[in-house]
Amino acid sequence: MRVTLSVNPSGGTSTVGGVNRRIATLIVALVPILTFGILLTAVTVPYVALGPGPTFNTLGEIDGMQIVDIEGADLHPTTGELSMTTVSQRDGLTLGQALVFWASGRDQLLPRDLVYPPDKTREEIDEANSTDFRRSEDSAEYAALDYLEYPMAVTVRTVDADGASEGKLQPGDAIDAVDNQPVATLDEFQAILEDTKPGDTIVVDYRRKNAPAGIAEITLGEHPDKDQGLLGVGVLDAPWAPFSVEFNLANVGGPSAGLMFSLAVVDKLTTGDINGSMSVAGTGTISGDGEVGSIGGITHKIVAAREAGASVFLVPAENCDEAKTADGDGIELLKVDTLGQTIDALRTLSAGGEPPRC
């Protein structure tokens with residue numbers, strides 16, 4: 001029996017060649033995909049993502065400590081919340097991360113140079129933000145004490161390291177007299193020092209928070225710019241109280257917590273609830289005399305407050321137009337311009353009245 005076979009003249013290599021061509025085509029197609037994937041994960045972009053950050057109830061605790069800790073005074077119970085809000089910043093973004101933040105609609109991408117100016121290092125910027133935050137704490141205390149009508153005094157704000165007053169005066173001390181001459185204002189204090197010279201010893205009468213009044217003998221140092229002696233302290237006219245106020249919130253920068261800190265101090269030192277037991281959030285710088293100033297990132301902060309369950313948000317008057325564009329989803333926006341007006345607005349709202357709104 002004869003069997004006839006049909007044989008491919010090319011020896012059967014056409015099938016192998018087709019497979020090789022398909023593999024080559026697949027490789028060519030995968031190269032740009034793999035390259036793009038590497039770009040997404042390995043290449044950083046000069047942008048910073050800004051978005052809603054954490055909120056902190058200034059009437060509450062963090063790490064077992066009161067965020068606003070007052071010692072040496074009779075405190076009153078508080079309810080509800082007075083929450084400060086923050087903006088998160090994410091730096092060093094990869095291309096993929098930047099695209100995810102851009103697509104989310106929840107975060108905002110800004111050129112890095114707008115957030116971190118190129119003429120300053122990251123460390124310099126972080127230190128400046130920390131300094132602003134510490135100053136906002138001082139201003140928050142002074143604004144609250146001024147609202148509560150504590151008397152003014154020549155108050156030590158800083159003591160120079162290795163200066164003439166180190167170990168003798170402390171931040172928060174009230175200076176009452178120099179060489180038995182009473183001083184009630186900064187001008188009177190400076191006038192006395194102008195008549196001194198380096199090496200002179202002066203006697204300072206002071207009051208200290210949570211401690212007895214004292215007397216310090218201080219030998220003045222060399223002044224870098226004048227012929228007079230140098231006491232080695234920074235002082236200012238500020239309301240003074242015999243108790244201490246400490247703010248225990250680390251790793252937060254900038255001055256925008258001032259208003260909420262002041263409200264917490266007043267709420268703890270007075271009867272009744274400023275917030276009417278509501279969950280209130282807000283933001284705003286504050287000066288020592290209680291003026292509320294504008295801030296950045298208001299829309300992100302409103303979103304953060306909404307997500308934290310706040311029903312009311314305190315908005316600096318200058319930020320009102322921008323605040324109305326935020327995704328607040330029913331949160332009430334109260335317009336505020338001073339500490340006293342803010343307290344009045346909250347009490348009006350809790351009483352069922354109509355406070356100023358954005």
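What follows is a set of questions and answers on this predicted model.

Reply: This is a predicted model, in which local features need pLDDT of at least 70 and side-chain atom pairs count only at pLDDT 80 or more, while totals for chains, interfaces and linings use all residues. Residues are numbered from 1 along each chain as its sequence is written, and side-chain values use heavy atoms, with hydrogens and water left out.

Me: How many helices and strands are there in the protein?

Reply: Helices (H or I, at least four residues) and strands (E, at least two) are DSSP runs, numbered from the N terminus. Counted in this way, the protein has nine helices and 20 strands.

Me: Which element gives the most to the lining of the largest pocket?

Reply: A pocket is an open set of points on a 1 Å grid over the protein atoms alone, where a 1.4 Å probe fits, with protein on both sides within 12 Å along at least five of seven lines, and its lining residues have an atom within 4 Å of a point. The largest pocket is lined by 38 residues, with V87, Q89, N129, G253 and G254 nearest its centre. At least two lining residues come from each of β1 (47-57), β5 (81-90), α4 (122-147) and α7 (298-307). The element that gives the most, with eight residues, is α4.

Me: Which element provides the largest share of the lining of the second largest pocket?

Reply: The second largest pocket has 24 lining residues, of which D138, E141, R157, P171 and G172 lie nearest its centre. Two or more residues of this lining are given by each of α4, β7 (152-159) and β15 (244-247). The largest share, eight residues, comes from α4.

Me: How many charged residues are in the lining of the second largest pocket?

Reply: Asp, Glu, Lys and Arg count as charged, Ala, Val, Leu, Ile, Met, Phe, Trp, Tyr, Cys and Pro as nonpolar, and the others, Gly among them, as polar. For the largest pocket, the lining has 16 nonpolar, 16 polar and six charged residues. In the second largest pocket, the lining holds eight nonpolar and six polar residues, and its charged residues number ten.

Me: Why is α7 largely enclosed by the rest of the structure?

Reply: Buried means under 20% relative accessible area, with a 1.4 Å probe and protein chains only. Among the buried residues of α7 are I298, H300 and V303. The helix α7 is largely enclosed because, of its ten residues, the number buried is eight.

How values were computed. Buried < 20%, exposed > 50% of the residue type's maximum accessible area, 1.4 Å probe, protein only.
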